[in-house]
Amino acid sequence: MAQFDLNDDSVVVIIGSGAGGGTLGNELAQKGVKVVCLEAGKRLTLADITNGGEMFAKISWLDPREGSGDLDPNFPAWICKTVGGTTVHWAAASLRFQPHEFKALTTYGRVQGANLDDWPISYEDLAPYYDLAEDKMGVTGTNGIPRLPGNNNYHVLAAGAKKVGYTDYHTGNMAINSRVRDGRPACRQLGFCMSGCAIGAKWSTLYTEVPKAEATGNYELRPESMVIRINHDASGKVTGVVYADADGVMHEQKARVVCVAGNSIESPRLLLNSASSMYPDGLANSSGQVGRNYMPHLTGAVYAVMPGEVNLHRGTQMAGIIRDESRYDAKRGFAAGYELETLPAFGLPGYPAYAKPGGWGREYARDIEAYRNVAGLWIVGEDMPQEINRVTLSSKQKDRFGMPVAHVHKQDHPNDKAMREHAWKQSTALYESLGARKVYTRMPFSSTHNLGTNRQSSDASSGVCNGFGQTHDIANLFISDGSQFTTSAAENPTLTIVALAIRQAEYIAGEMSRRSI
Amino acid sequence: MSNEDLELRRREFLKIAGGSAFMSLVAGAGFTALPGTAWSAHHLKALSEDEGKTLLAFARTLFPHDFLADSYYGNVVNAVDEKAAADAALRQQITEGVARVERLSKKNFGDQSFHQLGEKARTRVVKTVEGTPFFSTMYGETLGGIYGHPDVWKVLGFEGSSVEHGGYLERGFDDISWLPKE
């Protein structure tokens, strides 16, 4: 394992070790580029991953944050603070964006109140990198890898889908091994994907990209290293980062290139917090778009009390999808589309807490007693980027390092509301077609998909970075996570984050060898 | 108080007077009653015995399961008591919340204490305090205390950690039998 000096200014510093940062680090290290990865969270091993509620405190980002609008005021988003980032928690649904979703503005036209734009890259630009990402992650239904077998919750979803006339449904494209692959075992249907996969069947950078990068001798991971600011020189180029180690001691790591991959709340927070006399509004923010266009996806959930047992805690949590509604069809009365994916109730006390938040009383207790019969699904669709939905620095609260905490504001666009209503109605019909005696529709959980706050744009005045995630303002500063998404598309974002990271690594290595950065 | 409420109370009284043997026979939704004990409030650290009785009835009103003996709801009260003993602000929140619940009960239901009321009347009182910090405290504690209990998991069918059993691959992950044939 490599160790680099704090004054070594030849290294690429990557902030974050999740889907974006973890992948980028390994890709660069494999190409011989020296990498220091600074990760705020601790490093767990598989032995630390258990099947229970205790995992929440072990992996979640619990530092204070503020939410407003439609968000929980104290816990606006559920993302991770651990080596591997949100790939420890993710459910592993790995879908490609559809070609038209890279051209949201062109396809949907101007939507009032929405800040839509086309991506600077097309589906064709990304397709070869999707190929690489699917192979790297072992995505089922690609590369000759069989799909996972469906669990009970999937069979309910599929039977209902058939009854209401859907045709495009299956157990998904999952980055979960359906057979032994890449030194990792096949899925045992544990039913705790989102607590972290205790056997490592699910792809996570924690036990794939990070150790592979370390094996090259070009990569150093520093866990429990929280980056506070990014420094720059008089020419405007970034020169290194200041971070606090596990004991709270501050260090500066010099860098040739800095890549920000702290997820869509921490990444803009860090850029804003790095404001200087040269960059008074924060780094890479000449457009004023840093922190804006926050998109937590259009989400919602549905739980139905079915006429027979489902035991939905058994088996892979999200290996079930209906894709029919992900198309764009203006006749439905809203722009963009959505997916319907199986969702567990997270056992007990999860189900009573989540089916009807705040619910109580005799009738609700009776529905809780029917826990065995509950089926569930999650709605995930493209939400509209809005400038008012944004991450800013709190004027009230600072963290223990004196850095203002992130304030996150999100309010639904009318298009988001119309889509959710449509999805609830379709899902209710689906479960009622099989004799559901009660259907609970619920609003979003604290956001797990967080996108768009440092978006890609062709025009430097309407976004933060170009099609490679390179910031328009500072050539050696990159955005390497889901915050670079121009629009959110209907699909779970991780596969696209990984594909972008592979493509970005190729670009950074090329630019470094050309001495452009 | 309406006649309807009076009638309800009378019926509730008869049901309670029927005794615990009767109660275990009518346990809800076909579940066998979980063996438990009566719960006594006399050992509480921070809260009074009367406050304990009110909280016990409050917890049961939030999530009424006839198969659960009082001791399960009593565990919730014990947990609140422990926290209140270590936290003066919480102690005050509970005392004020209980006082309000008792005021509402006595004012609207013939000078009776909350725990003496039937479920319908108790439900009306709880509805009145819904959204207060006291309600939120009791809601969180009851939800976690009742549904976090392994005995309750067993009755309701949540099977807990699976990795030590090799997951569900050979233990019913796809054993559903009632669906229409695809």
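This is a predicted model: local features need pLDDT of at least 70, side-chain atom pairs count only at pLDDT 80 or more; totals for chains, interfaces and linings use all residues.
What share of the contacts in chain B with a separation of 6 or more is accounted for by residues 24 or more positions apart?

1. The share is 73%.

2. Chain B is built from 8 helices and has 0 strands; its elements read α-α-α-α-α-α-α-α from the N terminus on. Of its 182 residues, 32% count as buried.

3. Helix α5 of chain B covers residues 88-108.

4. Which residues of α5(B) are buried? They are B:Ile94, B:Gly97, B:Val98, B:Val101 and B:Ser105. Viewed down the helix axis, the buried residues of α5(B) fall within an arc of 100° and therefore line one face. An α-helix has 3.6 residues a turn, so residues three or four places apart point the same way.

5. The buried residues of α5(B) pack against α3 (49-62), α4 (70-86), α6 (119-129) and α7 (133-147) of chain B. On the other side of the helix, B:Ala88, B:Ala89, B:Gln92, B:Arg103 and B:Lys107 are exposed. Just after α5(B), B:Gly110 adopts a positive phi of about 60°.

6. The contact between the chains involves 38 residues from chain A and 35 residues from chain B. On the chain A side, the elements giving two or more residues are α5 (152-164), α8 (347-355) and α9 (362-369); α5(A) gives the most, with 6 residues. By class, that side of chain A comprises 16 nonpolar, 15 polar and 7 charged residues.

Methods
Residues are numbered from 1 along each chain as its sequence is written. Chains are lettered from A and ligands numbered from 1 in the order in which they are written. Two residues are in contact if their C-beta atoms, placed from the backbone, lie within 7 Å. Helices (H or I, at least four residues) and strands (E, at least two) are DSSP runs, numbered from the N terminus. Ala, Val, Leu, Ile, Met, Phe, Trp, Tyr, Cys and Pro count as nonpolar, Asp, Glu, Lys and Arg as charged, and the others, Gly among them, as polar. A residue is buried if 20 or more other C-beta atoms lie within 10 Å of its own, exposed if 12 or fewer, and partly exposed in between; C-beta atoms are placed from the backbone. The expected span of a helix is 1.5 Å times one less than its number of residues. The arc is that of the directions from the helix axis to the C-beta atoms.
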